[in-house]
Amino acid sequence: MPALLSRMMLLLILMAGGAAFASLAGSKTAGVGLGVVAGALIWLVRDNWRARAFADWLNHVRDKPGTPPPLLDGARREAAERIQRLLRKQSFETEELENRLHNIQSALQASPNGVVILDEQECIEWCNRTACEHFGLDSRRDLSQRITHLLRAPALVRRLAMRDFGEALTLESPLATATHPLRLEVQIFPYGHGHLFMLSRDITAIEQAETMRRDFVANVSHEIRTPLTVMSGFVETLQTLPLAEEERADIFNRVAQQTERMKSLVDDLLTLSRLEGSAPPGIKEWTPVRALLERLGTDARALSAHIAGQNVPRHELVIEGMDTSDEIAGSASELQSAFFNLVNNAVRYTPPDGKIVILWQAQPHGGARFSVQDNGPGIAPEHIPRLTERFYRVDSSRSRASGGTGLGLSIVKHVLQRHDATLAIDSTLSRGTCFTVTFPAARVR
Amino acid sequence: MTEKHLSSQFDSDLNSVSSRLMEMGGLVETQIKRAIHSLTYFSISEIDDVLATEAQVDQMEVEIDRALTTVVARRQPAARDLRLLLAISKITSNLERVGDEAHKIAKRVKSLVESGEARQMPIGDLRVASDLAANLIHRSLDAFARLDVGAAIAIYREDDLIDREFKGFVRKLITCMMEDPRTISSSLDLLFIAKAIERIGDHAKNISEYIIYIVHGTDVRHSKLKGIENIIQ
């Protein structure tokens, strides 16, 4: 009220002032009237100017809420103050909302799963980095792109079209290649008004493990069935046919061979399960390398002779580093079996008169290397990464004929893992293969 | 994919045709993948799927063409919209042929597996080329969705790689056949497979040409790479 009063007073004073000025100037009634009008005009201009300033400030304050209002009076000042308060509150709330949104986005970003948020048109609204890696999306460029334009797998397109989001979907990532398989489990959750939340999970490793387990069971059954089939055939022959003594002896021989084969298979399986089930050998027990190498040499010569069916070995066997006094920390029997498996492979796969070099060498920076080098047929590069898989065979007909169980290198791998050692395989086709075992410094003295 | 029009119905028509095209692309991609899988592992378990998808792809080609006719008749599009619709029509027929090539590969693999001689053949190089071709088709469809001219030019460049692989492979097959005439029938199968793979690469290249056409309005078919780069700049 006082503001209104003061404004009216100001108007009156201006009008009266105008009239007084006019009367001073000389004229009478007309002059007074003119003075009143002039005073009112001045007031109008001033008021308009202030209104303009207020409007200008309103324009400014929208972008910068901190701008101070111009000199105002009365109702306008009150309005300005209220507007400013409102704007401050609003900007604070916006900031808080933005922070919260940012927090949620960072949480989704940190998720190990791929997250894609789709709007009601199935266009990408937001996606996290993992989703980009899973689907080959670009988190900036592909926004508002329809998801089915980039993920064109028919199974996914069908699900989206039918809006059937019940079960998870297994897809191959568009980025998957022969060398880097990438299998994804995708689950879609509808939310809000037709929005979709898409989660993707990398299940490559899980699927591989599952396949390996299935293969393992199938392989074991197959490996056991083969000798059993052979034996049951012989038993049937013995039961039904009258045979000469020599023939019977021959059959018994073969049955003995098959039982031997089954026995070694079961032995290897038991070794593997023991290796997996027991605690790794500590570094208390020290095994002299020299004894290991000596025994390896004897066994290798015997094997070479045995394969050739003679009394003298058919391969040239060289053992280097025999004079070492090094010792390895770990289980002597496990190491012996791992080393012998490597030598065994070399002897079996290298043709007669080939050369096999067994080497023990201390490394300059501690640790030591054990290697078995042959000049046999070599292994094609695509097989090398899979060699230590159970029952993996480069050439199934040959290795079974030579009496392998398909478990040798898995045993080697397990034993070496338990001794913190690593296995490197280096091979050139028709040149030969070198298996190198590297022991860390802590395991060698 | 397209800019906004005054008529939102027109937008949704264009979008739905594009989506149909991408859906067809997805089908064709799976077809190629399955054909390659059966080639790599000599398994015939997925071949029937490839053969069955063929009918679906053909059906989609017809449907997309019909939808295109309707849009053109109703909206009488001009400029970029017209180019988009024309390109979609061409890409559809390219994709349909890619499907045919996948179909051919599957059939040849079947005959190879049944003959039982395939194991000794130099299949490794073919695997590399087929992965390349599948990748090109995938990227050309991505480039279409994003209308990405840069990616389209990259595809244009890489198609040469497949052509080179193809020539090298043919030379290898000739050696194989000269060394052992018994491999001739499987070599011929492999030759047809290699040719199909090479054609898939060519179709990817065609698709990338249409992408340049949509965005820049220039027809770059039958022009050299250098010329295309000049046009783009």
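How many residues does the contact take from chain B and from chain A?

## Contact between the chains

The contact takes 14 residues from chain B and 13 residues from chain A, two residues being in contact if their C-beta atoms, placed from the backbone, lie within 7 Å. On the chain B side, helices H1 (8-41) and H4 (124-146) each supply at least two residues; H1(B) gives the most, with 8 residues.

This is a predicted model, in which local features need pLDDT of at least 70, side-chain atom pairs count only at pLDDT 80 or more, and totals for chains, interfaces and linings use all residues. Residues are numbered from 1 along each chain as its sequence is written, while chains are lettered from A and ligands numbered from 1 in the order in which they are written.

## Helix pair in chain B

The axes (lines fitted to C-alpha atoms over the stretch in contact, with angles from 0 to 180 degrees between N-to-C directions) of H2 (residues 47-75) and H3 (residues 79-115) of chain B come within 9 Å and cross at roughly 170°. H2(B) and H3(B) are therefore roughly antiparallel (over 145 degrees). Helices (H or I, at least four residues) and strands (E, at least two) are DSSP runs, numbered from the N terminus.

## Sheet in chain A

In chain A, 5 strands form an open mixed sheet in the order E7-E9-E10-E12-E11; strands pair if DSSP finds at least two bridges between them. E7 (316-320) and E11 (422-428) of chain A are the edge strands. E11(A) pairs with E12(A) (residues 432-439) in the antiparallel sense over 7 bridges, and Asp426(A) has Cys434(A) as its bridge partner in E12(A).

Notes. Angles under 35 degrees count as roughly parallel, over 145 as roughly antiparallel, 65 to 115 as roughly perpendicular and the rest as oblique.
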